[in-house]
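Student: Please take a close look at a single part of this structure and tell me how its surroundings are built.

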Amino acid sequence: MTPTTPPRLAVRAIIMHQDRLLLVNAWPTGKSDLMCAPGGGVERGSSLPANLIREVYEETGLHITVDAPCLVNEFHDPDGHFHQVDVYFHCTLRGTPTLDHGWEDIDAIVTDRRWVTRTQMTDLRVKPDSLAAVAWRDADAPMYDPLEPLIV
């Protein structure tokens with residue numbers, strides 16, 4: 001990415017089932033244990049919800065309905081040129097919540113998918129920092145999570 005490249009736009013899904021949040025690890029070959037909400041880059045000419053439906057299916061095999069946006073988070077590489085803006089949406093699961101352990105996303109990037117409780121999240125490395133507050137709809141959950149350094 002050159003210094004004149006604009007920030008990358010991505011969408012992410014807050015999907016809850018039985019008081020558990022769906023998290024993924026999107027670092028191929030065990031590069032990192034960092035977990036996040038499923039989602040990914042926006043393709044030009046497709047709406048944010050349509051991109052999110054596609055990304056969640058590609059990464060998890062699950063079908064969703066996209067509800068209201070709930071968080072804007074941005075992160076960057078302070079030593080490089082990478083800068084990404086994530087728009088998070090609350091989503092509703094359509095169909096079964098079962099994760100097929102044989103599922104592979106088309107880019108073979110997601111190495112782990114799991115439903116976690118809020119307590120279980122405390123034992124995981126998760127980004128953004130506000131993810132639990134937003135997912136469980138805490139009264140003080142932010143709508144904007146300021147620029148964070150990229151963590152691998």
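Tutor: Arginine 12 is buried, as its relative accessible area is 11%; buried means under 20%, exposed over 50% and partly exposed in between, with a 1.4 Å probe and protein chains only. The model is predicted, so local features need pLDDT of at least 70 and side-chain atom pairs pLDDT 80 or more, while totals for chains, interfaces and linings use all residues. Residues are numbered from 1 along each chain as its sequence is written, and side-chain values use heavy atoms, without hydrogens and water.

Arginine 12 sits in strand E1, residues 8–17 (strands are DSSP runs of at least two residues, helices of at least four, numbered from the N terminus). Its side chain comes to 3.4 Å from the backbone oxygen of glycine 39. Beyond neighbours within four places in sequence, arginine 12 has contacts (heavy atoms within 4.5 Å) that include Cys36, Gly39, Leu52, Gln84 and Phe89.

Arg12 and Cys36 are also among the lining residues nearest the centre of the largest pocket, which has 32 lining residues. A pocket is an open set of points on a 1 Å grid over the protein atoms alone, where a 1.4 Å probe fits, with protein on both sides within 12 Å along at least five of seven lines; lining residues have an atom within 4 Å of a point. Elements giving two or more residues to this lining include E1, helix H1 (48–60) and strand E5 (83–94).

Cysteine 36 is itself buried, at 14% relative accessibility.

Terms used:
Polar contact = N/O pair within 3.5 Å; in protein donor to acceptor, adjacent residues only side chain to side chain.
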